[in-house]
Amino acid sequence: MASVKNGDYDGIRNQVTKILKRPGYDDGSIGPVLVRLAWHASGTYERKDRTGGSNGAGMRFAPESNDGANAGLEHARAFLDPIAEANPWISYADLWTLAGVTALEAMGGPKTPWKPGRTDFKSEQAAEAYHGKVDGRLPDASQGAQHIRDVFYRMGFSDQEIVALSGAHNLGRCHEDRSGFDGKWVVNPTRFSNQFFKLLLTRKWVPRKWDGPLQYEAVVVGEKLMMLETDLALIKDPEFRVWAEKYAADQKLFFEHFAAAFAKLLELGVDRDGSGVAPLVKGGCPYHAG
Ligand code: ZEM
C-alpha cells in the first residue's frame with residue numbers, strides 16, 4: 001500500500017474504497033463490517049461521565065477487544081491495517097470512523113459528515129485510566145425496546161435517531177461464529193437503501209426453528225432473510241414504529257436522518273481543543289468539562 005500525504009483524508013478515502021471489494025468474503029464486500037466497526041468503536045459512549053466513544057481506538061486493547069459483542073471485528077481491523085501501516089500519521093480512531101463513512105457512501109448510502117482529530121491510546125492501561133472498562137456497553141440483540149432505549153439514551157440519542165441508526169441492518173449479515181445469529185436482513189446486503197424497513201413492515205416474521213438463539217425469518221424471492229428481536233422491537237414499540245413507517249415510505253428522509261445520526265455517533269466523546277485535536281484526558285476535554 002502506498003502512502004498518502006499527511007492530512008490527505010480524501011487520499012485515505014480512496015484507499016478504503018479500493019479495498020472494499022473482496023470476492024470470497026461474505027457477499028463480496030468488506031463494506032458492511034467496516035460500518036459495524038465504526039459503530040462499535042463509538043457505541044460504548046456514556047454521556048454521564050463522558051467515557052467511551054471512538055476517541056482512543058480502545059478496541060485494540062483488552063477488555064474491549066475481547067467483548068463478545070466485538071467478535072469478528074478483528075477482521076475489520078485487520079483489513080484496515082495495511083492502510084494504517086502505510087499512513088502512520090492517521091490515528092486508528094480516525095481511520096476506523098472514516099472507513100465506516102466511506103464504506104457507507106460507496107454502498108450507495110448518504111454522505112456522512114466526518115471530522116478528523118481523534119487520537120489513540122498508547123496502551124491498555126491508558127485506555128482504562130481514561131474511560132474505565134467499556135466492555136458490556138453495546139446492545140444485546142435478544143432483548144426488546146426497553147433495552148434498546150437504555151443503551152441509546154445512555155449515549156444521548158432520541159427514539160427517532162435510534163430507529164434511523166437501526167436501518168444500518170440493511171447492510172451485511174450475521175455470522176454464527178461471531179454473534180451466534182445467522183443470515184442477512186435484505187436480499188442485497190451490500191447496497192444501502194430502506195429495504196430493511198419495508199421488509200420489517202410487510203413480511204410475516206416467524207421464529208426460526210433451529211438450534212441457535214431466537215431469531216426470526218421470512219422468505220423473500222426465494223431467499224431466507226432474518227430479523228433479530230431488537231429489529232422487531234422497531235415495529236412492536238409504538239413510538240419506534242412511527243419512524244419505521246416513515247423510513248419505509250421515504251428513503252430520502254431515511255438517508256438524511258441516518259447520516260445525521262451516524263455523524264453524531266462517530267463524534268460522541270470526541271472533544272477537540274482549539275487546534276482540532278481531541279486529547280485523551282479523563283472525563284473528556286478539560287475545556288468542555290463541567
Ligand atoms: Zn448491528 N448487528 N446491531 N448495528 N450491525 C449485527 C451486524 C451488523 C445489533 C446487533 O446485535 C447486531 C446497529 C445496531 C445494532 C451493523 C450496523 C449497526 C449483528 C451480527 C448483530 C448481532 C454480527 C455478526 O454475527 O457478524 C443490535 C442489537 C443493535 C441495536 C439495538 C447500528 C446502530 C449499526 C450502525 C449504525 C452492520 C453494518 C452489521 C453487519 C456486519 C457484517 O459483518 O456484515
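**Domains.** I looked up the separation of the two domains: the centres of domain 1 and domain 2, taken over C-alpha atoms, lie 22 Å apart. This is a predicted model, where local features need pLDDT of at least 70, side-chain atom pairs count only at pLDDT 80 or more, and totals for chains, interfaces and linings use all residues. Residues are numbered from 1 along each chain as its sequence is written. The domain assignment gives domain 1 as 9-138 + 262-267 and domain 2 as 145-258; such bounds come from an automatic or database domain assignment.

I then listed the contact (C-beta atoms, placed from the backbone, within 7 Å). Domain 1 puts in 23 residues and domain 2 puts in 19 residues. On the domain 1 side, H2 and helix H11 (251-267) each give two or more residues. Helices here are DSSP runs of H or I, at least four residues, and strands are runs of E, at least two, numbered from the N terminus. H2 gives the most to that side, with six residues. I sorted that side by class: 11 nonpolar, seven polar and five charged residues. Nonpolar covers Ala, Val, Leu, Ile, Met, Phe, Trp, Tyr, Cys and Pro; charged covers Asp, Glu, Lys and Arg; the others, Gly among them, are polar.

**Ligand shell.** Which element gives the most residues to the shell around the ligand? H2 does, with five residues. I found 23 residues around the ligand, the closest being Pro-32, Ala-141, Ala-168, Gly-172 and Ser-179. A residue counts as near if its C-beta atom, placed from the backbone, lies within 6 Å. Each of domain 1 and domain 2 supplies at least three residues to the shell. I read its classes as 13 nonpolar, seven polar and three charged.

**H2 and H4.** I checked H2 (residues 31-42) against H4 (residues 92-106): their axes come within 8 Å and cross at roughly 140 degrees. Axes are lines fitted to C-alpha atoms, for helices over the stretch in contact, and angles run from 0 to 180 degrees between N-to-C directions. The pair is therefore oblique. Under 35 degrees is roughly parallel, over 145 roughly antiparallel, 65 to 115 roughly perpendicular, and the rest oblique. Residues of H2 in the contact include Leu-34 and Ala-38, and those of H4 include Trp-96 and Ala-103.

**H9 and H10.** I looked up H9 (residues 229-236) and H10 (residues 238-249): the angle is about 90 degrees, with axes 5 Å apart. They are therefore roughly perpendicular. Ala-233, Leu-234 and Ile-235 of H9 meet Phe-240, Arg-241 and Ala-244 of H10.

Definitions and conventions:
Contact = placed C-beta atoms within 7 Å.
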